[in-house]
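Subject: Structure handover

Hello,

Please find the structure below.

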Amino acid sequence: MKFFDRFHENDIALNDAHRSITAAQAEARVHALFSYFRSDLALLPGETIALLLSNRLEVFELLLAGIAAGLHIVPLNHQLKREELFYILKDSNARILVHDG
């Protein structure tokens, strides 16, 4: 699945306050994450991952890779209380939590 085929490979496809990446770089990173989800983590279509990340371009890479892998994605907010996070993680049956510390 190609997500950035409307861009020229050297066009900026994703950026945040800290950096920018080209369409070719973004496509490669999404493919690498897709492979990591499927091969290394053995995640199957229909399984769930949770994301607890600040506003950064990696969020989009993870979302696109998760969509390509057929995963359900639960975005979490840093402002939730610990008990709320635990409840959502348990209720969603998330296999993994991706966070930025």
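A crossing of two helices is left-handed if the near helix is turned anticlockwise from the far one by less than a right angle, and right-handed if clockwise. Helices (H or I, at least four residues) and strands (E, at least two) are DSSP runs, numbered from the N terminus. This is a predicted model, in which local features need pLDDT of at least 70 and side-chain atom pairs count only at pLDDT 80 or more, while totals for chains, interfaces and linings use all residues. Residues are numbered from 1 along each chain as its sequence is written, and side-chain values use heavy atoms, with hydrogens and water left out.

The helix pair

H1 passes H2 in a right-handed crossing. The two pack at an angle of about 55 degrees, with axes 8 Å apart; axes are lines fitted to C-alpha atoms, for helices over the stretch in contact, and angles run from 0 to 180 degrees between N-to-C directions. H1 and H2 are therefore oblique to each other (under 35 degrees is roughly parallel, over 145 roughly antiparallel, 65 to 115 roughly perpendicular, and the rest oblique). Contact means heavy atoms within 4.5 Å. On the H1 side the meeting residues include Val30, Leu33 and Phe37, and on the H2 side they include Leu62, Ala65 and Ala68.

Helix H2

Gly70, which follows H2, has a positive phi near 75 degrees.

Thr22

Thr22 lies in strand S2 (residues 20–22) and counts as buried because its relative accessibility is 15%. Leaving aside residues up to four places away in sequence, Thr22 touches Glu9, Asn10, Asp11, Ile12 and Ala13. From Thr22 to Ala42 is 20 residues in sequence and 28 Å in space, C-alpha to C-alpha.

Aromatic rings

Rings of Phe, Tyr and Trp (its six-membered ring) pair if their centres lie within 6.5 Å; planes under 30 degrees apart are stacked, over 60 edge-to-face, and the rest tilted. The count is 1 aromatic pair. Phe4 and Phe7 form this tilted pair, 6.0 Å between centres and 50 degrees between planes. Phe4 is buried at 8% relative accessible area, whereas Phe7 is partly exposed at 35%.

Regards

Technical notes: Buried means under 20% relative accessible area, exposed over 50%, partly exposed in between (1.4 Å probe, protein chains only).
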